[in-house]
Amino acid sequence: MSQLQTINFVLNGQQVNVSMDDTQQSLLSFLRDSVRKTGTKEGCNEGDCGACTVVIGKANGDKVKYKAVNACILLLAQVDNCEVITVEGVQGDDGALHPVQQALVDYHGSQCGFCTPGFVMSLYAHYRNRLPADRQTLKDTLAGNLCRCTGYGPILAAGQAMYNYPEPKGENTASDAAVLTQNDAQIQNSTAEIFSPKTEEQLQELLQKFPDATLWAGGTDTGLWLTKKLQHLPRIILLGKIATLNFVKDRKQGLSIGAMASYSDVIGIIAEKWPAFGEVIRRTGSTQIRNSGTIGGNIANGSPIGDMAPILIVLGAKLVLRKQGQQREILLEDFFIEYGKQDLAAGEYLAEILISKQAEQLEFRTWKISKRFDQDISAVLGAFSWEDDEDKIANMRIAFGGMAATPKRAKATEDVLRDNIVTEALLDKACQALNEDFTPLSDMRASSSYRQEIAASLLRKAFANKPVSLAKADEVSS
Ligand SMILES: Cc1cc2nc3c(=O)[nH]c(=O)nc-3n(C[C@H](O)[C@H](O)[C@H](O)COP(=O)(O)OP(=O)(O)OC[C@H]3O[C@@H](n4cnc5c(N)ncnc54)[C@H](O)[C@@H]3O)c2cc1C
Ligand code: FES
Ligand code: FES
């Protein structure tokens, strides 16, 4: 595969060609340090505060799709063939302020101003995508932007008012999708390499040659390996250009999700089929994280507190794993072997996640428990599915995140409930069985006893409308 030294993208309307001297450089560092676009701020450098928010445009058919992302955990190489809009590129007609900016001024949406460029960019993406300006949609848009001094009331008011200003005339002509799809890049320098294959065949060849290379999907976990763990990654393979990994298909057999589909790509269809699952996705990270982070990355990282795994486990999801010339399917619950160890061979990658059509018929409940409602990692996530067999519970499946070293099924608890009529007494027994299934850790998110208690509460909540009196249970079973 050819090795190139440069990437191309459109920055605030100007085509730029950048020599990749530092393969580990973030987009934020490039903007601030290399081209002195210092309007984009650095706060946390880990995707949490939104000060570094920029808008990325990517070709999507013959259109360009715009989304807000965190520049601090995005590799510069990830924006090859994209359009990048920073706060310096947001303006109205003839040098006037853009409606988003004017509304923030008029509604007093800024005090010290450090967070303001990030808010402008999140609201700009909202405006550009013509999302509704109701408070809840705006809150979802802004959940990844922290402000310490203004307070969110005036910022939300600005968001609600931004469509009342005249729309800038040049707004939708910023870039041409054709410009954004021209080049492919392989970048190499003396200390590190980045590959950006366009097909799975190229990916498989690369993985055969370099089985220990770091696969980089959205970068919302791996980005922090660079910015917080200060690691040096000698060989990175970007997955972002492989179209066959980036899809969501609602097939006759069920839902098929490419490993590179982002949370934003899947939330619509998932919320339609399983509203409670959609709600968990809405609370996964922030808009910026959901725009970059992928479902595949959340599973492949093997995290015991990843939000997708317990839910997908109770829905009976399967994984499609591929490596040079081979493909296998496994149940997601068998993927997690122990902490930090997944059933993924050297050179193998996650290609697809499959949820069968039958999963749409299941009784299904899930809740995420975290210290903050938005933009927080779970302390505990509980997921429950079953089928009603007259008054009895059939095919009981329960899985938790945050309760063990991996996302895990509660098999002893399931055994108590399976093929039984739910009574208060049975629920008491099932809650006891949770102690057999899990011995959770105490950490900064929650203590062990809190985790045990909340898991039991979620179990009771799952069956809140179910328990019948013992007399009724006797009547049913006799
Ligand atoms: C501010 C912030 C908030 C967050 N909030 C949440 C939250 O609420 N809930 C939650 O669960 N997570 C959260 N996360 C974690 C993260 O966003 C998710 O785990 C995300 O889904 C990771 O996906 P990614 O595409 O960014 O993966 P990456 O960071 O690119 O990769 C993650 C891991 O998976 C591997 N990998 C990626 N794709 C593949 C593949 N196809 N095959 C094999 N290996 C692969 C990578 O090598 C790496 O080890 C948060 C992160 C941040 C920074
Ligand atoms: S600097 Fe805080 S999210 Fe990027
Ligand atoms: S205006 Fe000061 S942090 Fe938001």
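Guide: Before we start, helices here are DSSP runs of H or I with at least four residues, strands are E runs of at least two, and both are numbered from the N terminus. Keep in mind that this is a predicted model.

Visitor: Then where is the place of lysine 228?
Guide: Look for helix H8, which covers 222-227, and for strand E9, which covers 235-238.

Visitor: How many Å apart in space are lysine 228 and glutamate 88?
Guide: In sequence, 140 residues separate the two. Going C-alpha to C-alpha, the distance from lysine 228 to glutamate 88 is 27 Å.

Visitor: Over to glutamate 42: in which loop is it found?
Guide: Helix H1 spans 27-34 and strand E3 spans 53-60. Glutamate 42 is found in the loop between H1 and E3.

Visitor: Which residues does glutamate 42 touch, not counting those up to four places away in sequence?
Guide: Glutamate 42 counts as partly exposed, because its relative accessibility is 40%. Leaving out residues up to four places away in sequence, glutamate 42 touches Leu28, Arg32 and Phe114.

Visitor: And how many Å apart in space are glutamate 42 and glycine 118?
Guide: They are 76 residues apart in sequence. Their C-alpha to C-alpha distance is 9.9 Å.

Visitor: What is phi of arginine 36?
Guide: Arginine 36 lies in the loop between H1 and E3, and it is exposed because its relative accessible area is 59%. Its phi is positive in a residue other than glycine, near 55°.

Visitor: What about aspartate 419, where does it lie?
Guide: Aspartate 419 also has a positive phi, about 60°, although it is not a glycine. Its relative accessible area of 46% is why it counts as partly exposed. It lies in the loop between helix H14 (411-417) and helix H15 (424-437).

Visitor: Is cysteine 431 buried or exposed?
Guide: Cysteine 112 counts as exposed because it has 59% relative accessibility. Cysteine 431 has 10%, so it counts as buried.

Visitor: How many disulfides does the structure hold?
Guide: To count, a pair of cysteine sulfur atoms would have to be within 2.5 Å. The number of disulfides in the structure is zero.

Visitor: Zooming out, what radius of gyration does the protein chain have?
Guide: The C-alpha atoms fill a box of roughly 80 × 55 × 45 Å along the principal axes. A compact globule of 478 residues would come out near 23 Å, so the chain agrees with that at 24 Å.

Visitor: What percentage of the 478 residues are buried?
Guide: The chain exposes about 20900 Å², with carbon and sulfur atoms supplying 48% of it. Taking the 478 residues, the buried share is 54%.

Visitor: Last one: how far apart are the mean positions of the positive and negative charges?
Guide: The chain has 50 positive and 57 negative charges. Their mean positions are separated by 2 Å.

Definitions and conventions
Residues numbered from 1 in each chain as written. Chains lettered and ligands numbered in written order. Predicted model: local features only at pLDDT ≥ 70, side-chain atom pairs only at ≥ 80, totals over all residues. Heavy atoms only, no water. Rg over C-alpha atoms; globule rule 2.2 N^0.38 Å. Buried < 20%, exposed > 50% of the residue type's maximum accessible area, 1.4 Å probe, protein only. Areas by Shrake-Rupley, 256 points an atom, 1.4 Å probe, with all protein chains shown as cover. Lys, Arg positive; Asp, Glu negative; His and termini not counted. Charge placed at Lys NZ, Arg CZ, Asp CG, Glu CD. Contact = heavy atoms within 4.5 Å.
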